[in-house]
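Please work through the exercises below with the sequence and the structure at hand. A worked solution follows each task.

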Amino acid sequence: MNLSQFSLEGKVAVVTGGSRGIGRAAALAMADAGSHVVVSSRKIADLEGVAAEISAKGVKGRAIAAHVGKMEDSKALIDQVVKEFGRLDILVNNAGTNPYFGTMMDQDEKTYDITMNVNVKSIFFLSQMAAKIMKTQGGGSIINTSSIGGIRAGELGVYCATKAAVIMLTQVMAKEWGQYGIRVNAIAPGIIKTRLSEALWKNPEVNARAVSQIPMMRLGEPEELAGIVVFLASKAGSYVTGETIVIDGGRVHGEPAWREKK
Ligand SMILES: NC(=O)c1ccc[n+]([C@@H]2O[C@H](COP(=O)([O-])OP(=O)(O)OC[C@H]3O[C@@H](n4cnc5c(N)ncnc54)[C@H](OP(=O)(O)O)[C@@H]3O)[C@@H](O)[C@H]2O)c1
């Protein structure tokens, strides 16, 4: 098999939420595959280190601060990328947030709006901006970060609803933009050890309960999602669109079956 189909040589990628966790791992993997990568998040200081790691791989790494919940920031990000690189081939809509842990009975409007804004509205408009550029280039790849919380009802009410919306946005965008050579796919991680999920894995009791529900009986690491992102971004995934790929150690299929007693 010719592995060059996984190459991203000469491509220009943008990763939102690229300063740490899943976004950082995806950005570094795409750089390994030959893409220039712009990492973006709110805090420039956190991004600079990742951009330096990317540049050390022999491609261009660039850090641009943007709050994806603010339209003017999203627009400035895409404009700056096109100004500096002249094109945009890959957009990884990965920035996400969950500002509220608790019952939906008690959730307030402020945390509802933040979650919807950052997890859904930003993906719609960043994708729209990117697609207009990709259309003129003859194609591109958009990869959205959903969650298994968007597939089956979890405990994080509004967050789960936003991640379900990401899956449907992915499908309808794929349906409309396939004609332009633009593929739109999503990844749906289970529990991955990052700052966003630390409330789950730093508490030994909660961690043990989560692990007991995962067939692979462990949480995931950000690097375990990176290969899928490269696949979806590259020629290897050239006929895949509208899909949501689950990476969760088997959790959506239920608890481990016939578990050996230890
Ligand atoms: N970890 C999991 O178990 C898990 C499971 C399923 C899905 N996900 C999804 O995976 C994605 C990445 O999360 P992660 O687990 O890698 O979390 P993380 O390590 O906490 O990283 C979150 C990233 O998003 C950025 N960010 C947060 N709010 C932002 C905003 N308003 N504008 C721009 N950037 C923003 C953060 O940087 P700044 O703070 O500098 O802005 C950071 O780079 C999210 O969409 C999340 O919902 C995670």
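The model is predicted, so local features need pLDDT of at least 70 and side-chain atom pairs pLDDT 80 or more, while totals for chains, interfaces and linings use all residues. Residues are numbered from 1 along each chain as its sequence is written, and side-chain values use heavy atoms, without hydrogens and water.

**Exercise 1.** Determine the strand order of the sheet and its edge strands.

*Solution.* Step 1: the open sheet comprises 7 strands with parallel pairing, in the order β3-β2-β1-β4-β5-β6-β7 (strands are DSSP runs of E, at least two residues, numbered from the N terminus; a pair needs at least two bridges). Step 2: β3 (61–65) and β7 (244–247) each pair on one side only and are the edge strands. Step 3: from one strand to the next, the twist averages 20°. Step 4: β1 (residues 12–16) and β2 (residues 36–41) are joined by 5 bridges, and Ala13 stands opposite Val37 in β2.

**Exercise 2.** Identify the surroundings of the ligand and its polar partners.

*Solution.* Step 1: 29 residues surround the ligand, with Ser19, Ile22, Arg42, Tyr159 and Thr194 the closest (a heavy atom within 4 Å). Step 3: the protein covers 97% of the 890 Å² of accessible area that the ligand has on its own (Shrake-Rupley method, 1.4 Å probe).

Terms used: Helix = DSSP H or I, 4+ residues; strand = E, 2+ residues; numbered from the N terminus. Axes fitted to C-alpha atoms, helices over the stretch in contact; angles between N-to-C directions.
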